[in-house]
Amino acid sequence: MALLIRGDVSGPMHSRTSLPRRPGYPEYALALLGALTAVLILFDAGGESMAGAKLLVCLAVPGWALVRWLRHVDPVARFVFTVVAGATAFALTAAVMGWLQLWNPRPAAVGILLVSVAVLLIPGPRTAWQAPARLPRPQLATYAPWLVLLAAMVLWAATLESTNHHLGDYGLLTAFPATWYISLALVVALCIWSAARPGVHSGWLAGASITGLVVILYSSAGLLTDVPRLPWTYKHIAVTDLIQTTGQFDPDIDIYNRWPGFFLFSAFLGESSGYKDALSYAGWAEPVFALMNVALVLAIARTLTKNPRIYWTSALVFALSNWLNQNYYSPQAFAYTLHLTMCLVILTFLRGTPAGWVQRLEDRLANRFSRSKPEPEEVKTYTGRQQALAIVAVLVLQAMIVMSHQLTPYLAILGLLPLFLVRYFKPAWVAPALLMMALLYLLPNAEFVKDKYGLLNSFDIFANAGYKAASGTPGPSLLSGRWLAREALALSLFTALLAGLGFIRNFLRGNVRTTLIVGTFAATPIIGLFGTSYGGEGRLRVFMFALPWLAIGAAWLFWSGKLPGRKAVVGAASAISVMAIMFTTVYFQNEANVRVPAADVSASRWLDSNVQKGDAVVETNYHLPLLVGPHYSFYLRSGQLVSVASKLHNTGQPFTGDDMLTYVDKTRAAAKMRPSDRVFVVVSDLQQRTSTGVLRQFPKDVLVPLEHDLDVARGSELVFENKSVRIYEVTRADWGK
């Protein structure tokens with residue numbers, strides 16, 4: 001899924017008279033693949049060995065059956081629209097089946113594919129035939145960068161085999177061998193070189209280089225593990241498995257089942273393609289979402305400028321500043337991608353003429369501050385039918401966002417609402433409609449959210465904007481705890497500073513309207529800090545939604561001039577190099593604290609299969625992925641799942657088996673639950689080391705008395721053990737007798 005786009009190729013194009021476009025070889029090939037995949041899905045053939053290929057066909061065939069009708073649309077946008085349109089077709093079908101409790105994914109997938117195959121065989125719209133541009137003659141200057149890129153990627157792949165799997169306070173930073181950093185440096189240098197020196201066919205190299213960069217940065221950590229690496233991934237796997245196992249969702253279980261859009265889509269696509277368990281493919285979400293979002297930022301930038309330096313640099317800055325680790329298998333990553341797609345649709349099809357007073361304001365600002373005439377802006381016009389279809393697409397995307405994530409619809413509307421109201425986008429009623437959709441979905445769930453999490457009644461702007469480390473003091477290394485957070489903040493502020501200067505430069509060059517549009521998108525997410533409290537993640541959400549537009553602003557800073565000189569090239573190369581160093585440090589240093597070992601997942605799976613309703617589960621750390629399977633609702637509630645980490649925080653007192661049972665009873669009583677007859681106690685070596693290491697949740701050896709009691713006391717039995725996890729079953733009636 002490389003970003004190999006021929007969007008900046010210049011040269012004479014030879015056109016003929018518009019001819020009816022019959023299905024070409026790509027359409028016939030996709031139709032054949034779609035039909036064969038439909039047969040495999042219908043008979044559930046191929047298993048997981050072919051599941052990945054079937055999944056790709058399920059996205060490509062329905063998507064291209066729709067997107068092929070969009071004439072004169074940018075090639076990057078066509079690629080993005082193809083993937084998202086295919087995903088949306090399955091997501092909508094899954095949502096309808098889920099809400100109607102008619103869960104039959106495989107027949108429905110077969111129907112979608114067969115309809116798509118039929119559409120692919122219909123002659124397409126009339127288009128002007130264009131002769132392809134000639135490839136350049138073989139020259140060392142032309143092909144040498146490609147050889148460097150190939151060598152860098154081969155070196156990176158070989159490097160993963162020699163990476164040290166024993167992680168310390170510096171995570172993967174010291175685990176990667178020197179060759180990993182060499183491969184990364186080569187790819188970053190190629191990204192800078194291809195963006196700074198656009199020419200014939202340089203778009204292919206820029207796209208391939210940025211694709212390689214995204215693969216290195218966002219898949220290295222995941223490829224070093226046998227299971228998804230982030231602990232908060234597993235509760236999403238559990239919800240997906242619940243739907244895939246039972247064929248329905250239950251709003252009474254948790255908030256995920258009240259916003260089930262992503263989980264329905266994932267369960268539908270997983271079962272259709274042959275993945276019987278979300279654990280099999282959840283680990284690929286991180287590089288896939290990262291690549292899709294980079295492609296979306298690239299496509300958005302291409303709607304705003306025809307300068308290749310600007311749009312390639314925008315994609316590069318975005319890739320090197322998105323340190324938030326939010327691309328994992330989750331509803332928010334899914335909704336964020338849909339949000340960027342919605343922005344791309346609006347910028348492509350729904351650009352309008354602003355209100356009269358806005359135009360007068362633009363003229364005054366340009367006359368007073370601009371130092372040159374604005375760059376000519378070529379905004380393509382589309383027919384009323386095409387714009388109507390675009391509006392439908394925006395509403396459908398918002399519907400999927402609203403059903404998938406609680407916060408994304410409102411952060412998305414913050415930027416769109418003022419731009420629609422001043423008629424930069426049209427028609428003006430679309431933005432209020434988007435807001436109304438979100439509010440109407442929230443209304444029946446408002447009481448649940450208020451009772452469980454608080455709704456505007458726990459507002460604290462300082463908590464939203466601040467950060468509190470897991471411990472009150474920094475960890476053993478300078479890059480742990482608060483220092484890591486400060487370096488992440490420094491990267492965010494550096495990106496914002498470059499963007500701010502870029503907005504000013506673009507504004508002074510006369511591009512008032514474009515600067516106002518992008519600046520509004522970049523600035524309005526900060527209003528989210530004034531909403532309901534979101535703890536330390538509040539500011540992360542603000543930066544996440546502002547980042548695509550900040551990346552465009554940063555690119556404006558370097559390349560707004562017509563002919564960039566040496567200073568611009570040196571400045572861009574220096575800033576991007578600094579970003580690459582800071583991103584690598586922030587992204588990989590904390591790996592030891594967030595990586596989940598396969599042994600912990602295996603133990604959690606066993607627990608999910610053996611726990612029954614009414615049992616209590618005791619864990620020693622929040623990062624153990626106990627909520628991992630379709631039975632997670634049996635021990636989800638407080639009182640059923642008891643963590644002793646908070647009890648032991650900053651205490652030096654030994655914790656015995658009697659202390660544990662007393663704490664379980666107290667917790668269940670607070671939750672108005674009767675004492676449990678059976679208690680499962682989960683002890684993980686790695687999680688204990690994590691708890692007593694950098695995160696310092698409780699002192700070393702504080703749990704030794706507990707496990708000693710579990711080993712020797714009557715009424716306690718070791719029921720599961722692997723190389724790092726032990727699970728004890730405690731029978732209350734026999735304990736201590």
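**A buried glutamate and its setting**

Guide: Glu 362 is placed in helix α14, which spans residues 356-369 (helices are DSSP runs of H or I of at least four residues, strands are E runs of at least two, both numbered from the N terminus). The model is predicted, with local features requiring pLDDT of at least 70 and side-chain atom pairs pLDDT 80 or more, while totals for chains, interfaces and linings use all residues. Residues are numbered from 1 along each chain as its sequence is written, and side-chain values use heavy atoms, without hydrogens or water.

With a relative accessibility of 7%, Glu 362 counts as buried (under 20% relative accessible area; exposed is over 50%, partly exposed in between; 1.4 Å probe, protein chains only). Leaving aside residues up to four places away in sequence, Glu 362 touches Pro 354, Tyr 424, Val 512, Arg 513 and Leu 516 (contact means heavy atoms within 4.5 Å).

Beyond residues up to four places away in sequence, Glu 286 touches Tyr 218, Arg 229, Asn 325, Asn 327 and Tyr 587.

Excluding residues up to four places away, Val 188 touches Leu 213, Ile 576 and Ala 580. Val 188 and Leu 213 are 25 residues apart in sequence, and their C-alpha atoms are 6.8 Å apart in space.

These positions belong to a protein with 29 helices and 7 strands, in which buried residues make up 55% of the 737 residues. Among contacts between residues at least 6 apart in sequence, 80% join residues at least 24 apart.

Helix packing may be followed through α3. Helix α2 (residues 51-67) packs against α3 at an angle of about 110°, the axes being 7 Å apart, which makes α2 roughly perpendicular to α3. On the α2 side, the contact includes Cys 58, Trp 64 and Val 67, and on the α3 side it includes Arg 78, Phe 81 and Phe 90. By class, the residues of this contact of α2 with α3 are 13 nonpolar, 3 polar and 1 charged.

The axes of α3 (residues 75-100) and α4 (residues 105-120) come within 11 Å and cross at roughly 140°, which makes α3 oblique to α4. Here α3 contributes Ala 89, Phe 90, Thr 93 and Met 97, and α4 contributes Pro 105, Ala 108, Ala 109 and Ile 112. The contact of α3 with α4 has 7 nonpolar, 1 polar and no charged residues (nonpolar: Ala, Val, Leu, Ile, Met, Phe, Trp, Tyr, Cys, Pro; charged: Asp, Glu, Lys, Arg; polar: the others, Gly among them). An α-helix has 3.6 residues a turn, so residues three or four places apart point the same way.

Axes are lines fitted to C-alpha atoms, for helices over the stretch in contact, with angles from 0 to 180 degrees between N-to-C directions; under 35 degrees is roughly parallel, over 145 roughly antiparallel, 65 to 115 roughly perpendicular, and the rest oblique.
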